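Take a look at the protein below.

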Amino acid sequence: MNSISTLRTINRELAYNSLTDYVGIEIPIDISKSGEEIAEEIKLIVEENLNIKVKSNKSNSIKGTIAKYGLIDINFEIELKAVSNSNNGIQVLKENGWIDKESASEFEDDSVLEDIVTELNENKNYLKVYAVSTNQKEKWFKEKSYLFKQLMNGEKLKPKTNDKIITFKIKDVCITNYSGIWLWKYFYM
């Protein structure tokens with residue numbers, strides 16, 4: 001597929017719907033639980049509050065992002081069709097940090113765009129949730145570096161008593177048909 005054809009496909013097929021009504025919801029999480037248990041808790045909250053049936057989750061390392069950054073970034077594959085204004089995929093990429101007005105070198109490697117089209121052709125839809133700890137007085141890593149050290153040592157997270165239950169505040173929620181849409185919007189890895 002040539003670059004113009006790839007861009008046209010993205011513009012036509014990429015769906016994105018921000019769910020701003022759910023931004024600000026706070027979720028208390030026991031971070032001593034396994035990543036699977038945490039994902040299941042969030043899944044139940046999503047299904048209950050958004051009335052969306054979750055098929056599965058596709059997530060970054062939940063425990064890793066909590067331990068290192070004090071955040072949750074999770075994708076749930078859903079049965080709901082992603083609804084978006086038609087023919088605005090390029091604008092969606094722009095709004096989510098993929099295209100910089102100041103730079104002309106974003107996509108020197110067309111394989112990145114082709115990877116987006118490949119995923120769009122899978123006809124999957126995702127609910128993405130991005131939430132950060134409300135317990136951050138300064139920088140998470142500075143105050144909670146012991147959690148990251150435990151993770152890097154292959155240990156189970158053993159948070160201090162006052163760190164066991166962490167409240168995460170939802171900063172962004174969307175329904176999309178591309179799981180990597182926030183790669184440049186929330187670049188933390």
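A cavity is a set of points, on a 1 Å grid over the protein atoms alone, where a 1.4 Å probe fits but cannot get out; lining residues have an atom within 4 Å of a point. Grid points are joined across faces, edges and corners, and a volume is the space filled by probe spheres set on the points.

This is a predicted model: local features need pLDDT of at least 70, side-chain atom pairs count only at pLDDT 80 or more, and totals for chains, interfaces and linings use all residues. Residues are numbered from 1 along each chain as its sequence is written, and side-chain values use heavy atoms, with hydrogens and water left out.

**The cavity**

The whole structure has one cavity of 30 Å³ or more. The volume of the largest cavity is about 80 Å³. Its lining is made by Tyr22, Ile25, Ile27, Ile42, Ile45, Val46, Asn49, Leu50, Val129, Ile170 and Val173. Which element gives the most to this lining? It is α2, with five residues. Both α2 (35–50) and β6 (165–176) supply at least two residues each. Helices (H or I, at least four residues) and strands (E, at least two) are DSSP runs, numbered from the N terminus. By class, the lining has ten nonpolar, one polar and no charged residues. Here Ala, Val, Leu, Ile, Met, Phe, Trp, Tyr, Cys and Pro count as nonpolar, Asp, Glu, Lys and Arg as charged, and the others, Gly among them, as polar.

**Rings**

The structure holds three aromatic pairs. Rings of Phe, Tyr and Trp (its six-membered ring) pair if their centres lie within 6.5 Å; planes under 30 degrees apart count as stacked, over 60 as edge-to-face and the rest as tilted. Two of the pairs are listed here.

| Pair | Centres apart | Plane angle | Type |
|---|---|---|---|
| Tyr130 and Trp182 | 6.4 Å | 85° | edge-to-face |
| Trp182 and Tyr186 | 5.4 Å | 85° | edge-to-face |

Tyr130 lies in strand β5 (residues 125–133) and Trp182 in the segment after β6, so their pair ties together parts 52 residues apart in sequence. Ring pairs join Tyr130, Trp182 and Tyr186 into a cluster. Tyr130 and Trp182 are both buried, and Tyr186 is buried too. Buried means under 20% relative accessible area, exposed over 50%, partly exposed in between (1.4 Å probe, protein chains only).

**Ser133**

Ser133 also sits in strand β5. Ser133 is buried, with a relative accessible area of 6%. Beyond its neighbours within four places in sequence, Ser133 is in contact (heavy atoms within 4.5 Å) with Gly70, Trp140, Ile166, Thr167 and Phe168.

Note on methods. 1 Å grid on protein atoms, 1.4 Å probe; cavity = no way out; pocket = protein on both sides within 12 Å on 5 of 7 lines; lining within 4 Å.
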